[in-house]
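These are my notebook entries on a structure that I had not looked at before. I wrote down what I looked up, entry by entry.

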Amino acid sequence: MQRLTDTAQIILDYLRDGQFRSGQMIGDHLATSRTSVWKHIDNLRANGYVIECKRACGYQLQHPFDPLTTDAILCHLAQWPHVQQLSLTPFVAINSTNDYLKSQGTAARVIQVCVAEQQLKARGRFNRHWHSPFGQNIYFSMAIQLAVPMAELSGLSLVISLAVVNALSDYGLDGEVLGIKWPNDIIFQGKKLAGILIELSGEAHATTDVVIGIGINANMDDAPLDTPWSSLQQVFGVPIQRAQLVASLIRNVYQALLTFQRSGFQPFKNAWQQHHCLQGQLIQLSIPQGRISGICKGIDNQGNIRIEGSDGIIESYGVGEASMHKDVNETGN
Ligand code: BTN
């Protein structure tokens, strides 16, 4: 796992716009020598940043982007009332932001957030691989102790998908264009834009340790994926400011958790159903025992999916992978 030193983060901030900055100018700002600046630049290069050096011009970041540094994220949270509770850990590279927070444990009233520029062993639902190239997307995890027993958390993953939609709306995306595929895939025009992996631990106690992992395809414009995917850069037509969106995720996910802790899934149900892209469709649900086919009749009060079989009986399911029925996709019906 690699973390940048504070000084390296500041230098990266100077170079983020892709303009040349002289070693002298950076050194003056940091009250350090040009040799020391050069050593930090070397450290950044060892961490994967491609930095050019030109005589009389200085240093230039070859692929300008907004690095997910602590300062870049916190500057969007200055007015947020919970900022003192936030413990934010950015990594250049890590196996998985979820695994990192799971290894740290939780503490009461502390909001732990981890982001990374790249994940080396990222996990999706059903233990699938999550494509996590360097510097392009958002790999975000939040760990928190919830005052809710594990048995009552069935609606949580749906609640988080709505929080992601709200975070994207705050960022400027028209929330109406976003769909959610049960339980929590974020969909744009039939393609996956973001995924959520929630991991729980705790005994049968009143509190549960929750790690919420969110992967958003942000500025990715090419990927070796065999399932249809989209990215925010494709949606907006320009690269997005990841740090601003991360701040929006922190606010929206935490707010959703507070409401869920107080009032359960009920306050989210209607808004969630408005985004559900499988509503009323002929679908298939893969569960450990096999496949269920039927018409999707929305969700129940716990967030389970309701499916009406050919016999007209509606059953609820709490786990599984839902998809449009193959015939429906092929015929467009
Ligand atoms: C899915 O399968 O749709 C869920 C994908 C979740 C990916 C995120 S990226 C941040 C966090 N770290 C991980 O290893 N996975 C989640």
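Entry on the ligand. I began with the shell of 19 residues around the ligand, where Ser 96, Gln 119, Arg 123, Arg 125 and Lys 192 come nearest, a residue being near a molecule if one of its heavy atoms lies within 4 Å of it. I noted that this is a predicted model, in which local features need pLDDT of at least 70 and side-chain atom pairs count only at pLDDT 80 or more, while totals for chains, interfaces and linings use all residues. I also noted that residues are numbered from 1 along each chain as its sequence is written, and that side-chain values use heavy atoms, with hydrogens and water left out.

I then looked up the polar side-chain atoms around the ligand. A polar side-chain atom of Lys 192 lies 2.6 Å from an oxygen atom of the ligand, and an N or O atom in the side chain of Gln 119 is 2.9 Å from a ligand nitrogen. For Thr 97, the distance from a side-chain N or O atom to a nitrogen atom of the ligand is 3.2 Å. Taken alone the ligand exposes 420 Å², of which the protein buries 98%; such areas come from the Shrake-Rupley method with a 1.4 Å probe.

Entry on the shell. Which elements each supply at least two residues of the shell around the ligand? I found helix 5 (97-104), strand 5 (138-146), strand 8 (191-201) and strand 9 (208-216), where helices (H or I, at least four residues) and strands (E, at least two) are DSSP runs numbered from the N terminus. The largest share, four residues, comes from strand 8.

Lys 191 also has its place in strand 8, and I recorded it as partly exposed because its relative accessible area is 37%. Here buried means under 20% relative accessible area, exposed over 50%, and partly exposed in between, with a 1.4 Å probe and protein chains only. The C-alpha atoms of Lys 191 and Leu 278 are separated by 13 Å, although these residues are 87 apart along the chain.

Entry on two buried residues. Asn 219 lies in the loop between strand 9 and helix 7 (232-236), and it counts as buried because its relative accessible area is 14%. The side chain of Asn 219 reaches the backbone nitrogen of Ile 240 at 2.8 Å. Val 92, in strand 3 (residues 86-94), is buried at 2% relative accessibility.

Entry on cysteines. How many disulfides does a search of the whole structure find? The search finds zero, a disulfide being a pair of cysteine sulfur atoms within 2.5 Å. Cys 277 is in no disulfide either, the nearest cysteine sulfur, that of Cys 296, being 9.6 Å away.

Entry on the backbone. Most residues other than glycine have a negative phi, and most peptide bonds are trans. I therefore wrote down Phe 126, which has a positive phi of about 55° although it is not a glycine, and which is partly exposed at 46% relative accessible area. Gln 189, in the loop between strand 7 (185-188) and strand 8, has a positive phi of about 45° and counts as exposed at 64%. The peptide bond from Trp 182 to Pro 183 is cis, with omega near 0°.

Notes: Polar contact = N/O pair within 3.5 Å; in protein donor to acceptor, adjacent residues only side chain to side chain.
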